[in-house]
Amino acid sequence: MTSFEEKLISVLLENGTITDTQAKEVREKSDSSPLSFEEYLVKKFKVESEDIVRAKAKLGEVPAWTYDETKPIPKEILKLIPQEAAEQYHMVPLEKKGKELVVGMVDPTNIKSQQAVRFILLRSDFTPSVVAISEANFKKILSLYSGLKVEVKSALKEIEKSMEEEKKTGAAVPQRAEEMQESPVTKIVAVILKHAIDGNASDIHIEPMREQTKVRFRVDGVLYPSIFLPSTVHNSIVARVKILSNLRLDESRVPQDGRFGTQVNGKQIDFRVSTFPTNTGEKVVMRVLDPSTAVLSFEDLGLIGENRRRMEWALRQPFGMIIVSGPTGSGKTTTLYAALGKVNTDDVNIVSLEDPVEYYIEGVSQSQVKPEIDYTFASGLRSILRQDPDIIMVGEIRDGETARLGVQAALTGHLVFSTVHTNDAMGVIPRLVDLDVEPFLLPSSVTLAIAQRLVGRLCNYCKKEYTATPKVANMIEEELGKLPAESLKDFDIQKPYKLWQSEGCPKCNNKRTKGRIGIYEMLQMTDELKRIILEQEAEALAIEEEAKRQGMISMRQDGVIKALMGVVALEDVLRVVEEQI
């Protein structure tokens, strides 16, 4: 931790922004965390960026400044401080005020940064006026220096130039790794990766078409076209990605999977790579894995009220299975990671089997299965049980053997986390029976069955409140009327029902939503559910009746509650819960 960060903690304590306990934790954990110092304060303790900026301003005896994205900074102002200097000294030009240039600094007390900006402006007519800015705003402004299309266009010009030279000289296009290190194609790939991270994309799609290559980013679950490239560069881009991922360059007929990591914006980011042969060429999809988003709090996930209490109860049990269900991409692994974060202490041994290992978690022994060498979830689970584990995570229950071994592990005193594919929480028990798990074993092994979906969070800057129509109000009344009064006490829901919708703004890139949140349902193992499993052989209708009796909040109801809280749009909830696996 730097001396500036230590002083900043003191000011935040003095202002009452953080507690002594939080200050102690940030001192102990911030250096080992993948999050930066500021990110740790914001994400871990929900400290407002404005409070941090005000503390910085107090330390540096300068004004505080907040970036208004509706008023973009002109290019002519950005040119006054070169991008390289901005990156090195963590400072950016903000606006001109007569003969003064307002310069934002992440650390306004940094003498080197102050000297650098004075030196840079020596040849101009401006004198610097320093203000304090947040790290997040610094990164946003830094991204304005050059957009994706501008940088790619520059690299494409280099490719065209090299291809013209190749025609004249007859030289071969570089394909070996060492020949591609400084090539324009390398720059294109690097720029695509960087802008995917800056845009909070979860996936990058590089798709060959007949006349061009299409690059798309998935943001908040939706694919957005980003840029189109000439088809002539497609094979070179695929080759570059294969080199990074240690995949075979000479094999384009079958799918390949790989992985690589790189530094982007000062953070270590991992990319999970998949290539797929199509009739127009190899398609590449890269999953972006940011370790800073690995372990979220239950609040961040969207676990509230009765659902949170059920999850916390299950985690307090000395043994048993917690099984999460949902379609691919519904956040099941993220939920399991959050649960692991709650039980990850020095006095327990946690071992996980994953396919693939998405995020590295300190204190957890993580292993990736490799079916091609017969290292499967089932064979790996047998080995795990010889590793003296207290807690086991199995990425997915795909077959009967894995299901039976997981149940046996839960019965022999282990806490087991895993996932299955079912439509809802009530389908988890019948699914395990379908996988040839003996029904009489389930009451003593399964503790909690969870189902979940992801819904876009409404943008806080452009969302607006409106009164529900009579038809919608009746639907809300019907859904809430099915819940016990105790479950609704957690929320301040009043009539007339108010809902929220957003229209899009520069803050959310006109997408209406920023980030996603989970909607959940949780079926708890009770004495009545045990009786149904044993006497009625896990009959679906009986399980559904038990879910109602124990007051289970369905995904639809959880989504309606979040819509009334102004977190999500009701139409998004209804669309998501009606989708099938």
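Mentor: Let's begin with D558 and K562, which both lie in helix 24 (residues 555–564), 4 residues apart, about one turn of the helix; helices here are DSSP runs of H or I with at least four residues, strands are E runs of at least two, and both are numbered from the N terminus. This is a predicted model, where local features need pLDDT of at least 70, side-chain atom pairs count only at pLDDT 80 or more, and totals for chains, interfaces and linings use all residues. Residues are numbered from 1 along each chain as its sequence is written, and side-chain values use heavy atoms, leaving out hydrogens and water.

Trainee: Are D558 and K562 buried or exposed?

Mentor: Their side chains meet in a salt bridge at 2.7 Å, N to O, the rule being a side-chain nitrogen of Lys or Arg within 4 Å of a carboxyl oxygen of Asp or Glu. Buried means under 20% relative accessible area, exposed over 50% and partly exposed in between, with a 1.4 Å probe and protein chains only. By that scale, both D558 and K562 are buried.

Trainee: How many residues apart are R309 and D490?

Mentor: These two side chains form a salt bridge of 2.9 Å, N to O. R309 sits in helix 14 (residues 305–316), and D490 in the loop between helix 21 (485–488) and strand 17 (498–502). The pair therefore links distant parts of the chain, with a separation of 181 residues.
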